Amino acid sequence: MSTSTHGSAHVSSHGKDVLSDLSPLHRQLRRAIPDVYQGFGELHHAAFAEGALDTRTKELIALAIGVVEGCDGCIASHAQAAARAGASRQEAAEAIGVTFLMKGGPATIYGPRAYDAFCEFADAHDAAAASA
């Protein structure tokens, strides 16, 4: 895996690559159990709807849970969604920092992966915004 400094051409295996690997697997299973996926989609939509907590905050919570659970797919998905929702690198870092307290050593492995994935998506979001 190669990475470069955030803010320049950033290449990582923790963000887009994870989502690309999972996408065909999800499609295959979705064909077999469409009602289950539809129900999960409705739950997802309801959980991330604006309320007392905004979507950005909810996505940061989900990113942190992905770290605690050691789930690379959750990390990639919620890193992307948090970046799209306008979370800053510092907000992502601090949310990930809480996982160190709550999960200990394993979070020090998945936390950097999550931050790397977040920065990959934030870089792409920033580049798209700059060219718009």
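**Entry 1: salt bridges**

I started with glutamate 91, which forms a salt bridge with arginine 56, the closest N and O atoms being 3.2 Å apart. Glutamate 91 sits in helix α5 and arginine 56 in helix α3, so this pair ties together parts that are 35 residues apart in sequence. My helices are DSSP runs of H or I with at least four residues, strands are E runs of at least two, and numbering goes from the N terminus. For a salt bridge I need a side-chain nitrogen of Lys or Arg within 4 Å of a carboxyl oxygen of Asp or Glu. By that rule the count comes to five salt bridges.

A note on what I am looking at: this is a predicted model, where local features need pLDDT of at least 70, side-chain atom pairs count only at pLDDT 80 or more, and totals for chains, interfaces and linings use all residues. Residues are numbered from 1 along each chain as its sequence is written, and side-chain values use heavy atoms, with hydrogens and water left out.

How open is the first pair? Glutamate 91 is partly exposed at 28% relative accessibility, and arginine 56 is partly exposed at 24%. My cut-offs are under 20% relative accessible area for buried, over 50% for exposed and partly exposed in between, with a 1.4 Å probe and protein chains only. I also found Asp54 here: Asp54, Arg56 and Glu91 are linked in a network of salt bridges.

Next I looked up aspartate 72 and arginine 113, whose side chains meet in a salt bridge at 3.4 Å, N to O. This pair links distant parts of the chain, with aspartate 72 in helix α4 and arginine 113 in helix α6, 41 residues apart. Aspartate 72 is partly exposed at 29%, and arginine 113 is partly exposed at 26%.

Then came arginine 89 with aspartate 126, closest N and O atoms 3.3 Å apart. Arginine 89 is in helix α5 and aspartate 126 in helix α6, so the pair ties together parts 37 residues apart in sequence. I have arginine 89 as partly exposed at 25% and aspartate 126 as partly exposed at 38%.

**Entry 2: the core**

Which residues touch the most other members of the largest nonpolar core? Out of its 17 residues, they are Leu60, Leu63, Val67, Ile75, Ala79, Ala114 and Phe118. I count as a core a set of buried Ala, Val, Leu, Ile, Met, Phe, Trp, Tyr and Cys residues joined through side-chain atoms within 4.5 Å. At least two residues of this core come from each of α3 (55-69), α4 (72-84), α5 (89-103) and α6 (105-131). The largest share, six residues, is from α6.

I checked contacts (heavy atoms within 4.5 Å), leaving out residues up to four places away in sequence. Leucine 60 touches Ala82, Ala87, Glu91, Ala92 and Ala95. Glutamine 80, in helix α4, touches Leu19 and Phe121. Glutamine 80 is buried, at 19% relative accessible area.

Is α2 largely in the open or covered? Of its 14 residues, the number buried is one, so α2 lies largely in the open. The 14 residues should span 20 Å at 1.5 Å a residue, and the end C-alpha atoms are 20 Å apart, which agrees. The expected span is 1.5 Å times one less than the number of residues.

Isoleucine 33 is in the loop between α1 (16-32) and α2 (34-47), partly exposed at 31%.
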